[in-house]
Amino acid sequence: MKRRILEALGDGSKSGKEIAEALRLDNNGHLTDELEALEIAGFIACDAGVNPATGSKTRLVRYRIADNYTRFYLKEIEPREDLIRKGVFRFSSMEQLTGWHTMLGLQFECLVLNNMPRLLKRLGLDGVALVSAAPFQRKAHSRGEGCQIDLLLQTKRTVWVVEIKRKREIGCEVIDQVEEKVRRLGVRRDVSVRTALVYSGNLSPAVAADGYFDAVVNADELMSDDRVSADRG
């Protein structure tokens, strides 16, 4: 079952209920035990966090692949294993592989999340007591719109909305995207909101010049610190 769970998570995070539905299983203690075993082994991560609108723990727990090689193997190597073994699999560019850019986006997000201590230092939060540090997702309901945040960092008085973006060209549209996420998020009146962009690609100078983001972090610089273990990505 563990392998099937990883396959179900190959295209992005899912809740226990969504995993059960994808695998046509009961969402029971047995599935929970399998998820816990995968988490302990380092294959997946469990993201819960705190709802910034209420300050209480979110009821929606999501699971994601935390080991980049696992996703790469399941998505790119295993389907072509026979051809690779025979030495007849050939391609001119990785970009010609189906879904390559989507997978790289997930891999990049995983890389950033796996190096959280370095990111916190860049944001000036390495010595700050956090109450939550996890991706955040809320489904649309009768009382509000849905919202998905790549990484939500929360202290007692501040919420950081962190956008993790990998794209060849990144323009000012990223500002509009994050601004809409902040609007949908909704926070308590006693909490201030800050924004950060962690990026890989060519960032338009207009993004930094706009001043919307409280922090803009180049992923190349983020990963350059020798104190960050290379195998964590």
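The model is predicted, so local features need pLDDT of at least 70 and side-chain atom pairs count only at pLDDT 80 or more, while totals for chains, interfaces and linings use all residues. Residues are numbered from 1 along each chain as its sequence is written, and side-chain values use heavy atoms, leaving out hydrogens and water.

**Helix 4 against helix 6**
- Helix 4 and helix 6 pack at about 165°, with their axes 10 Å apart; axes are lines fitted to C-alpha atoms over the stretch in contact, and angles run from 0 to 180 degrees between N-to-C directions.
- That angle makes helix 4 roughly antiparallel to helix 6 (a label for angles over 145 degrees).
- In contact terms (heavy atoms within 4.5 Å), N68, R71, F72, K75 and E76 of helix 4 meet W100, M103, L106, Q107, C110 and L111 of helix 6.

**Helix 6 itself**

**Aromatic pairs**
- There are two aromatic pairs in the structure, meaning ring centres within 6.5 Å, with planes under 30 degrees apart called stacked, over 60 edge-to-face and the rest tilted.
- Y69 and Y73 form a tilted pair, 6.3 Å centre to centre with 35° between the planes.
- Y69 and Y73 are four residues apart in helix 4, so about one helical turn separates them.
- Y212 and F213 form an edge-to-face pair at 5.2 Å and 80°.

Conventions: Phe/Tyr/Trp six-rings, centres within 6.5 Å; stacked < 30°, edge-to-face > 60°. Helix = DSSP H or I, 4+ residues; strand = E, 2+ residues; numbered from the N terminus. Parallel < 35°, antiparallel > 145°, perpendicular 65-115°, else oblique.
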